[in-house]
Amino acid sequence: MLFLALVSCLLYCTVGAEKSDALHDVWDFTESCLLTVWQNRLCVYTTAAVLIGVWFTVNMLLKKKKMVDPISPRLDKSVKNQKLSPETEKVIHVSGVKVFYGSQTGTAKGFAEELAGDVSAQGIQCEVIDMKDYDPEDRLAEECTSKMLCVFLVATYTDGQPTESAEWFCKWLEEASTDFRYGKTFLKGMRYAVFGLGNSVYVGHYNTVSKNIDKWLWMLSAARIMTRGEGDCNVVKSRHGSVQADFQAWKTKFLNRLQALAKGEKKACSGKCKSSSCKNKKKHKEEAEDGQSHAEKNSSEEELMESSSDAESSAEEEKAHGSVIDMEDLGNVMNRMKKAKRMEGDEEDSQRVKLSKQNGVRKSESEEERREMITPALRDALTKQGYKLIGSHSGVKLCRWTKSMLRGRGGCYKHTFYGIESHRCMETTPSLACANKCVFCWRHHTNPVGTEWRWKMDPAEKIIQEAVENHKNMIRQFRGVPGVRPERFEEGLTVKHCALSLVGEPIMYPEINSFLRLLHQQNISSFLVTNAQFPEEIRSLVPVTQLYVSVDASTKDSLKKIDRPLFKDFWQRFLDSLRALGEKQQRTVYRLTLVKAWNVDELKAYADLIALGQPDFIEVKGVTYCGESSASSLTMANVPWHEEVIYFVQQLANLLPDYEIACEHEHSNCLLLAHHKFKVDGEWWTWIDYERFQERVQEYEESGGTKSFSAMDYMAKTPSWAIFGARERGFDPSDTRFQRKNKTKDISGCLEGS
């Protein structure tokens with residue numbers, strides 16, 4: 001009404017006073033209309049609500065129609081009339097199929113070629129690959145992102161072993177499945193199917209190769225696209241009457257599955273799996289766990305030893321992949337036996353053998369009355385992990401640097417610092433037991449621990465003989481492997497170096513001196529690593545090529561925190577061990593492992609410890625992250641960068657007037673500080689003249705220990721590429737640097753025990 005009044009005023013001013021009477025009449029009429037509307041306002045409101053509702057309903061119907069018809073008339077004509085090419089319009093779900101075969105008689109090869117023909121007939125690219133011509137270490141990870149399907153047709157040969165053509169592929173896959181360096185998601189994204197050829201007459205080995213390949217791929221997080229197929233050459237028990245008929249039935253299912261995947265269908269099962277987990281996967285896990293439960297049962301009855309309760313994986317990963325016992329997952333098994341051990345502790349006290357200054361002298365009852373260190377469960381697990389176990393307490397395993405140097409891809413840091421030929425180096429231990437439970441132990445210290453020798457003892461002769469033979473057998477498996485240099489393969493069959501650092505504390509073995517003498521008699525050098533908890537054993541040790549002491553921390557509190565020693569007087573033992581090292585005339589080494597936020601700020605304390613033992617060399621290495629463990633809070637954040645290690649070493653060198661940075665091995669994140677006595681006329685002589693050492697140690701033994709010798713008697717000149725500051729940064733130029741394509745899954749660093 002106010003608005004109308006304003007309009008009225010304006011009109012009055014415009015038309016003049018003469019028209020005021022007419023406007024007055026209009027105003028009276030308008031006022032009466034508005035009064036009528038106000039009196040009937042309820043009807044007006046109802047009408048407005050109905051109109052708004054109709055408008056809203058119509059808009060909703062139009063919107064729904066637009067959702068059904070994605071082509072809106074409002075689109076630009078050029079876009080609407082544009083025709084996409086078939087390549088752009090089609091989404092590729094399967095780029096092709098790779099058929100791998102491992103055949104001995106040609107049957108698997110024939111099946112592979114037949115399958116490839118049928119796949120190609122569907123218009124899908126297919127490639128047939130002989131496993132012996134395929135390097136899984138370099139190429140298998142590529143299948144995770146290639147949208148290829150990998151099919152494995154493998155035969156089981158004598159005693160459940162793979163055929164010769166598939167031997168290397170299977171060996172690599174087995175080791176990768178339990179190797180923390182690759183991780184449990186190494187093949188995530190890869191899709192695969194497996195068909196095995198076997199004979200059910202051999203009950204204990206029927207189709208074991210196909211089962212193992214399926215299991216190992218699954219452990220690395222590859223995805224099955226269908227259930228594993230099994231062909232049986234035993235026509236009596238073959239499901240379809242023959243191995244050929246079994247393959248035809250499986251092939252039909254595979255081709256149907258391939259068509260579904262090519263269309264973008266994802267589900268391989270009925271979709272009725274509970275908790276979104278595949279029944280086949282659950283069944284596979286249960287089968288593996290049955291074997292684990294049986295092993296644990298036997299272990300609890302036969303083994304009484306102390307161990308830590310470490311597990312490599314988080315609880316979630318354990319649920320998905322924890323169906324196989326490996327070396328890093330045995331802590332929980334061992335922990336269940338502590339109670340039984342305590343119950344029999346009094347009885348066992350009278351049967352223990354104390355470590356002696358005179359190695360090899362036993363102080364109590366016969367060997368037969370003591371227990372074996374390796375339990376059945378531990379033996380089975382370590383064997384699956386690739387360890388070759390010897391007797392009741394020793395083992396040998398092929399180091400990854402040995403494999404690397406066989407292929408001409410470079411050696412470990414000991415090759416750069418001291419001239420060791422990694423492809424001729426045997427990594428072993430005469431004692432799996434240890435007196436520490438270090439937080440960075442890359443085996444998660446599931447091996448037995450103790451402060452004294454309490455087990456049966458094998459003679460040193462047996463350990464040496466079987467260690468060398470097992471090592472040679474592992475080297476022989478590289479015959480014909482792609483990339484292996486023939487000359488290095490032949491050299492590798494002759495062991496020249498022995499790293500006593502595989503696992504445990506070698507110096508705990510009561511006959512360690514006999515063991516070392518036997519090594520030297522066979523012209524094998526000796527690199528022995530100890531954790532500085534057995535000072536008397538260090539003093540009584542015969543000459544070794546190089547004696548290491550692990551100096552993981554420089555204060556009592558940090559040592560307890562990092563090494564977690566079992567001895568109550570661990571700090572005094574630690575200091576006494578360093579003093580004992582200083583009494584040695586042969587080459588001695590401090591090995592410092594840097595753990596960021598744990599021990600990198602103790603420079604002055606480290607300098608004091610170095611003055612105590614006066615080692616010839618100081619190795620400083622960044623810690624290697626070994627995966628999650630319930631026993632340690634260590635993470636990748638605790639791993640120092642190589643430049644951080646260099647900075648630490650430079651700062652440490654400033655506090656040590658008698659030492660200087662000599663060598664560097666960037667790949668292992670490791671540097672070497674050497675005493676000035678090894679710098680002759682401005683040139684470093686950190687390498688070892690191994691033949692000269694053998695001559696000197698032989699003279700020492702023949703003289704009954706009276707004719708001693710020093711580290712200066714068998715030093716050799718260090719090559720220029722190994723010197724700190726060289727552009728090679730410690731990589732031997734005679735080899736070829738290999739960069740793994742999947743860098744995110746590669747944890748760099750020296751991963752061996754020494």
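A residue counts as buried here when its relative accessible area is under 20%, as exposed when it is over 50%, and as partly exposed in between. With that in hand, welcome to a quick tour of this predicted model. On strand β1, Gly96, Lys98, Phe100 and Gly102 are buried on one side, and Val97, Val99 and Tyr101 are buried on the other, so both faces are covered.

**Strand β1 and its neighbours**

- Strand β1 spans residues 96-102, and because seven of its seven residues are buried, the rest of the structure largely encloses it.
- On one side, β1 runs parallel to strand β3 (residues 148-155), and seven bridges join the two.
- Within that pairing, tyrosine 101 has leucine 153 of β3 as its bridge partner.
- Strand β2 (residues 126-130) also pairs with β1 in the parallel sense, over five bridges.
- Here valine 97 is the residue to look for, with cysteine 126 of β2 as its bridge partner.
- To get from β1 to β2, the chain passes through helix α6 (residues 107-121), and this β-α-β crossover is right-handed.

- Helices α2 (20-39) and α3 (41-68) each contribute at least two residues to the patch.
- The biggest contributor is α2, which gives three residues.
- Valine 44 comes from helix α3, and its relative accessibility of 41% makes it partly exposed.

- You will find asparagine 207 in the loop between β4 (191-198) and α9 (208-219), where it is buried at 0% relative accessibility.
- The loop between β15 (659-665) and β16 (670-675) holds asparagine 669; its relative accessibility is 12%, so it counts as buried.

**Salt bridges**

- Arginine 407 is buried, because its relative accessible area is 7%, which falls under 20%.
- Arginine 539 and glutamate 536 form a salt bridge too, with their closest N and O atoms 3.3 Å apart.
- Both residues belong to helix α22 (residues 535-539), where they are three residues apart, about one turn of the helix.
- Arginine 539 is partly exposed at 32% relative accessible area, and glutamate 536 is partly exposed at 32%.
- Arginine 573 pairs with aspartate 569 in a salt bridge whose closest N and O atoms are 3.3 Å apart.
- In that pair, arginine 573 is partly exposed at 22% relative accessible area, and aspartate 569 is partly exposed at 40%.
- Asp214, Arg224, Arg228 and Glu230 are connected through a network of salt bridges.

How values were computed
Residues are numbered from 1 along each chain as its sequence is written. This is a predicted model: local features need pLDDT of at least 70, side-chain atom pairs count only at pLDDT 80 or more; totals for chains, interfaces and linings use all residues. Side-chain values use heavy atoms; hydrogens and water are left out. Buried means under 20% relative accessible area, exposed over 50%, partly exposed in between (1.4 Å probe, protein chains only). Helices (H or I, at least four residues) and strands (E, at least two) are DSSP runs, numbered from the N terminus. Two strands pair if DSSP finds at least two bridges between them. A crossover is right-handed if, with the strands pointing away from the viewer, the path from the first strand over the helix to the second runs clockwise. A salt bridge is a side-chain nitrogen of Lys or Arg within 4 Å of a carboxyl oxygen of Asp or Glu.
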